[in-house]
Amino acid sequence: METILFLAHTEADGTLGKAAFEALAAARNLAGGLAGSTLIAGLVGGDVQPAANQIASCGAVKILGVTGADFAPSRYATDIVAVEALTRAAAATLVVAPATSRWNRVFAGAAQRLGGRIDTHATNVSAADGKPGITRWYYRQRMEAVVQRTRRPWFILLDPGCGAAWTGTAGAAQVETIPVALTAASKHTAVTGVQAPSADQQTIRPDAKLLFVAGAGWTKTQPDGRAHSDEAEQLILDFLARTKASLGSTKSLVDLSGEGQAVLKFMTHLNQVGQTGSTPRHTKGLATCCHGEEPHTVGWRFINERRAVNLNPGCSWAQGKADVLYVADAFAVMRHVNALLAARA
Ligand SMILES: Cc1cc2nc3c(=O)[nH]c(=O)nc-3n(C[C@H](O)[C@H](O)[C@H](O)COP(=O)(O)OP(=O)(O)OC[C@H]3O[C@@H](n4cnc5c(N)ncnc54)[C@H](O)[C@@H]3O)c2cc1C
């Protein structure tokens, strides 16, 4: 008999983010598949009541909370005691939580303190033959495994974007507050604020429908014998501003940026998609001036519809890796696309 704890932290406004609702949906499905199991919700934040109200009808037998100003910011020393306290209070055997940057930092430590085990980058949790299991991809998304464990508590961090988010009606929820005694050492680190780029400067947008990928071709010598990096920058930024697409890159392009060459200034290694980069999950992807080599396209594993613009009809996208390949000059194509978007706006 498993006790499943859905464990989430609130966003700055006290509500839950999309990844938390996805983890909640997975935890509910798991509870539904394990006869005799119990679902409990645990929330951490400055004020968790708005989040509790959002999930009032989720079916959890109770909602536990660790709240207060000390638990508003992301801070390892306070987050770990909150996770520990909620897991103990729920007597949880399984803890299902969203793999946010905040939780990613702290869950392994909490599992260690509680003598449990942890799996990160899970893409789903499910029940088979009355036993819980997770799915996880290996070898850069080329192989999928189902993992089961007997050790408890078992902490499971679910990658965002892998499953549907729970949607249910909000209500007035009762939160059972779990007291946590903090020591001076827990507050050794003072969180003085958050520095983040504005929405338009932030080019990595996991929730965007479209992933726009730029390749090294944008910086290469073009048919007129010159490179046009400045125009490339302007075309790409214009497109991103108009569509709010997320920006990806090939390794070749980000490596050029790292070597200090005159390239796309807004590109960093965080934008890199592929075997040694990220594996984003967007509905659609458009690759431009990118050859589509295997180490790059392995990062497109979860992109449902792939299109590419390349001057070369024999590029790797043409070898069955793209659904549609436009054999065309990406400068001309994006100039035209931006003009159409401007006209529509
Ligand atoms: C172990 C290993 C791991 C790797 N991991 C990754 C990874 O994680 N991610 C990754 O991206 N790569 C990775 N690579 C590198 C990968 O193999 C490729 O070298 C890289 O992705 C190529 O980048 P590119 O397509 O931007 O550049 P190029 O291969 O130089 O291709 C540029 C393309 O632009 C096109 N082009 C030029 N001008 C235009 C124009 N005006 N209009 C349209 N098209 C144009 C050209 O036809 C060409 O196809 C890895 C390699 C190894 C060995």
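Select helix α4, residues 101-113, in this predicted model. The helix bends by about 35° at Phe107. Phe107 is also one of its buried residues, along with Arg102, Trp103, Val106, Gly109, Ala110 and Ala111. To see what these buried residues pack against, show β1 (3-9), β2 (38-45), α3 (76-90), β4 (94-98), β5 (117-128) and β8 (154-158). Then go past the end of α4 to Gly115, which follows the helix and has a positive phi, near 70°.

Next, select Ile4, Phe6, Leu16, Leu43, Ile55 and Ile63. Within the largest nonpolar core, which has 35 residues, these touch the most other members. β1, α1 (18-33), β2, α2 (49-54), β4, β5 and β8 each give two or more residues to this core. Colour α1 separately: with nine residues, α1 gives the most.

Centre on Leu43. Neighbours within four places in sequence aside, its contacts include Leu7, Ala8, Leu16, Val48, Ile55, Ile63, Val66 and Leu86. Another core, of 27 residues, lies apart from the largest one; among its members are Leu64, Val83, Ala111 and Leu114. Ala111 brings you back to α4, where it is buried.

Now move to the ligand. Of the 28 residues around it, Ala216, Lys220, Gln222, Thr250 and His291 come nearest.

- Ala216: a polar backbone atom is 2.6 Å from an oxygen atom of the ligand.
- Gln272: an N or O atom of the side chain is 2.8 Å from a ligand oxygen atom.
- Val273: a polar backbone atom is 2.8 Å from a nitrogen atom of the ligand.

Finally, show the ligand surface. Taken alone, the ligand exposes 990 Å², and the protein buries 77% of that.

Notes
Residues numbered from 1 in each chain as written. Predicted model: local features only at pLDDT ≥ 70, side-chain atom pairs only at ≥ 80, totals over all residues. Heavy atoms only, no water. Bend = angle between axes of the 7 residues up to and from the residue. Helix = DSSP H or I, 4+ residues; strand = E, 2+ residues; numbered from the N terminus. Buried < 20%, exposed > 50% of the residue type's maximum accessible area, 1.4 Å probe, protein only. Contact = heavy atoms within 4.5 Å. Core = buried A, V, L, I, M, F, W, Y, C linked by side-chain atoms within 4.5 Å. Near = heavy atom within 4 Å. Polar contact = N/O pair within 3.5 Å; in protein donor to acceptor, adjacent residues only side chain to side chain. Areas by Shrake-Rupley, 256 points an atom, 1.4 Å probe, with all protein chains shown as cover.
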